[in-house]
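Hello,

Here is the structure I promised to pass on. My notes on it follow below.

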Amino acid sequence: MISLKSAREIELMREGGKILGCVLSELKKYVKPGQTTLEVDRKAAALIRERGGQSAFKGYRDYPAYICTSVNEEVVHGIPSDRVLVEGDILSVDVGVKYMGYYTDAARTWVVGQGSREAEELIRVARESLYKAGLDMIRPGNKLGDVSHAIQKFIESNGFGVVRDFVGHGIGRAIHEEPQVPNFGKPGRGVKIEPGLVIAVEPMVTQGSFEVVILEDGWTVVTKDGKLASHHEDTIAITESGPELLTYSEESL
Ligand code: MF3
Ligand code: CO
């Protein structure tokens with residue numbers, strides 16, 4: 001069952017999303033070569049708390065940390081650890097905030113220090129697949145398949161792979177609600193997009209094959225071929241006038 005949100009509920013999610021956007025902006029400035037991903041986790045926990053939110057991930061299905069930090073070939077759900085970030089690594093940070101009973105969810109990928117042109121290009125394509133391809137399709141009257149297809153087409157036409165095994169989702173009183181929001185698919189298919197629908201759209205883009213495996217820790221998703229991956233996610237509310245990015249940060253186009 002899909003729960004459409006009232007204007008009041010979207011207002012609360014907008015507040016939570018603002019907290020999340022600020023947290024992402026602060027983390028972007030904080031991440032530097034020499035830091036461990038656990039330090040980034042602690043910083044995120046403090047930033048979320050300072051602004052009156054709670055981590056949506058800590059304790060979710062026994063997840064052990066406050067955020068997810070996925071480095072290089074790690075696609076999503078990397079667990080913060082004593083791993084030291086080095087110049088040229090790419091780091092995806094995925095943050096979920098619970099505020100006044102409602103969840104918002106967003107992710108960004110950054111180069112640590114100075115990176116390769118290939119890494120920058122991968123990150124750009126993941127980001128733009130959402131803002132330049134997906135977002136335009138998120139409007140009342142369209143279907144989710146239109147969004148999925150536009151994202152897939154953008155990514156593949158740029159020569160990258162799109163992960164199939166993990167998808168976006170509805171979001172609200174729970175972090176994962178119906179419907180599923182794949183980053184691949186056929187136009188005209190799937191759930192109707194209408195005002196009140198709130199979804200987390202989260203393209204996961206790979207340099208090589210789109211195949212992924214889960215490590216023994218039960219969480220960390222890596223590319224099968226060991227090539228780089230980038231993740232970009234926003235929580236998006238559909239209003240009468242179109243899509244609204246609830247987790248806006250300065251990287252959002
Ligand atoms: N943004 C991630 C997702 O939608 C959240 C993972 S929850 C965690 O899959 F607890 F696993 F971190
Ligand atoms: Co998500």
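A polar contact is a pair of N or O atoms within 3.5 Å. By that rule, E233 makes a polar contact with ligand 1, since an N or O atom in the E233 side chain is 3.2 Å from a nitrogen atom of the ligand. Please keep in mind that this is a predicted model.

H169 has a polar side-chain atom 3.0 Å from an oxygen atom of the ligand, and for H176 the distance to a ligand oxygen atom is 2.9 Å. Taken alone, ligand 1 exposes 330 Å², and the protein buries 96% of that. The space that ligand 1 takes is the largest pocket.

The residues around ligand 1 include F57, Y60, Y63, C68 and W219. Also among them are D94, D105, H169, H176, E202 and E233. By type, the shell divides into five nonpolar, three polar and four charged residues.

Some of these names return at the cobalt ion, which is ligand 2. Its protein donors are D105 (OD), H169 (NE2), E202 (OE) and E233 (OE), at 2.1 to 2.3 Å from the ion. Along the chain, the donors follow the spacing D-x63-H-x32-E-x30-E.

What is the geometry of the cobalt site, with its six donor atoms? The site is irregular, with angles of 64 to 170° among those donor atoms. For comparison, ideal angles for six octahedral donors are 90 or 180 degrees.

Regards

Terms used
Residues numbered from 1 in each chain as written. Chains lettered and ligands numbered in written order. Predicted model: local features only at pLDDT ≥ 70, side-chain atom pairs only at ≥ 80, totals over all residues. Heavy atoms only, no water. Near = heavy atom within 4 Å. Polar contact = N/O pair within 3.5 Å; in protein donor to acceptor, adjacent residues only side chain to side chain. Areas by Shrake-Rupley, 256 points an atom, 1.4 Å probe, with all protein chains shown as cover. 1 Å grid on protein atoms, 1.4 Å probe; cavity = no way out; pocket = protein on both sides within 12 Å on 5 of 7 lines; lining within 4 Å. Sits in = over half its atoms within 2 Å of the grid points. Nonpolar A, V, L, I, M, F, W, Y, C, P; charged D, E, K, R; others polar. Donors = N, O, S within 2.8 Å, 3.2 Å for Na, K, Ca; no water. Tetrahedral: all angles 85-135°; square planar, octahedral: opposite > 155°, others 65-115°.
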